[in-house]
Amino acid sequence: MLILTRKVGETVLIGENIRIMVVEVRGKQIRLGIEAPPDLLVLRTEEKPDSEKKPEVQAPEIFLLPNASAR
């Protein structure tokens, strides 16, 4: 696992076409913006209590970032 420190507005690139940006930090919550190809499924998973073994898959909260190449 790669662990990074980022500030608001800073990004992480994964490959050539996935960009993750720190949009906002509020207390213990961090809002991330994810820019990815439309055919790539992006999901948010949450861990269930120890009594349940399978991870819960929830509908992603999506924030679209302006495409830098479209400018």
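What is the accessible surface of the protein chain, and what share of it belongs to carbon and sulfur atoms? In this predicted model, the accessible surface of the protein chain comes to about 6700 Å², and 56% of it belongs to carbon and sulfur atoms. Residues are numbered from 1 along each chain as its sequence is written, and side-chain values use heavy atoms, with hydrogens and water left out.

The protein chain contains 0 helices and 5 strands, and its elements follow the pattern β-β-β-β-β along the sequence. Helices (H or I, at least four residues) and strands (E, at least two) are DSSP runs, numbered from the N terminus. Buried residues, defined by under 20% relative accessible area, with exposed meaning over 50% and partly exposed in between (1.4 Å probe, protein chains only), make up 10% of the 71 residues in the protein chain. Among the contacts (heavy atoms within 4.5 Å) with a separation of 6 or more, 18% are accounted for by residues 24 or more positions apart.

An open sheet is formed by 3 strands in the order β1-β2-β3, with antiparallel pairing. Two strands are taken to pair if DSSP finds at least two bridges between them. The edge strands of this sheet are β1 (11–14) and β3, each of which pairs on one side only. From one strand to the next, the twist averages 25 degrees; axes are lines fitted to C-alpha atoms, for helices over the stretch in contact, and angles run from 0 to 180 degrees between N-to-C directions.

Strands β1 and β2 run antiparallel and are joined by 4 bridges. Across this pairing, Thr 11 stands opposite Met 21 in β2, and Leu 13 stands opposite Arg 19 in β2. The two strands form a hairpin with 3 residues between them, and Gly 15 in the turn has a positive phi of about 65 degrees. Strand β2 (residues 18–26) is also joined to β3 by 7 bridges, again in an antiparallel arrangement. Here Val 22 stands opposite Leu 32 in β3, while Arg 26 stands opposite Gln 29 in β3. A hairpin is likewise formed by β2 and β3, with 2 residues between them and with Gly 27 in the turn showing a positive phi of about 65 degrees.

The structure holds 4 salt bridges, each defined as a side-chain nitrogen of Lys or Arg within 4 Å of a carboxyl oxygen of Asp or Glu. One of them joins the side chains of Arg 6 and Glu 10 at 3.8 Å, N to O. Both residues are partly exposed, Arg 6 with a relative accessible area of 38% and Glu 10 with 28%. Glu 24 forms a salt bridge with Arg 26, the closest N and O atoms being 2.6 Å apart, and its side chain also meets that of Arg 31 in a salt bridge of 3.4 Å, N to O. Through these shared partners, Glu 24, Arg 26 and Arg 31 are joined into one network.

A nonpolar surface patch of about 560 Å² is made by Val 8, Val 25, Ile 30, Leu 32, Ile 34, Leu 40 and Val 42. Patches comprise residues with over 30% relative accessible area and no salt bridge, like charges being joined within 9 Å and nonpolar side chains (Val, Leu, Ile, Met, Phe, Trp, Tyr) within 5 Å. The largest share of the nonpolar patch, 3 residues, comes from strand β3 (residues 29–35). Leu 40, another member of the patch, lies in the loop between β3 and β4 (44–46) and is partly exposed, with a relative accessible area of 39%.

Terms used. This is a predicted model: local features need pLDDT of at least 70, side-chain atom pairs count only at pLDDT 80 or more; totals for chains, interfaces and linings use all residues. Accessible areas come from the Shrake-Rupley method with a 1.4 Å probe; for residues, only the protein chains shown count as cover.
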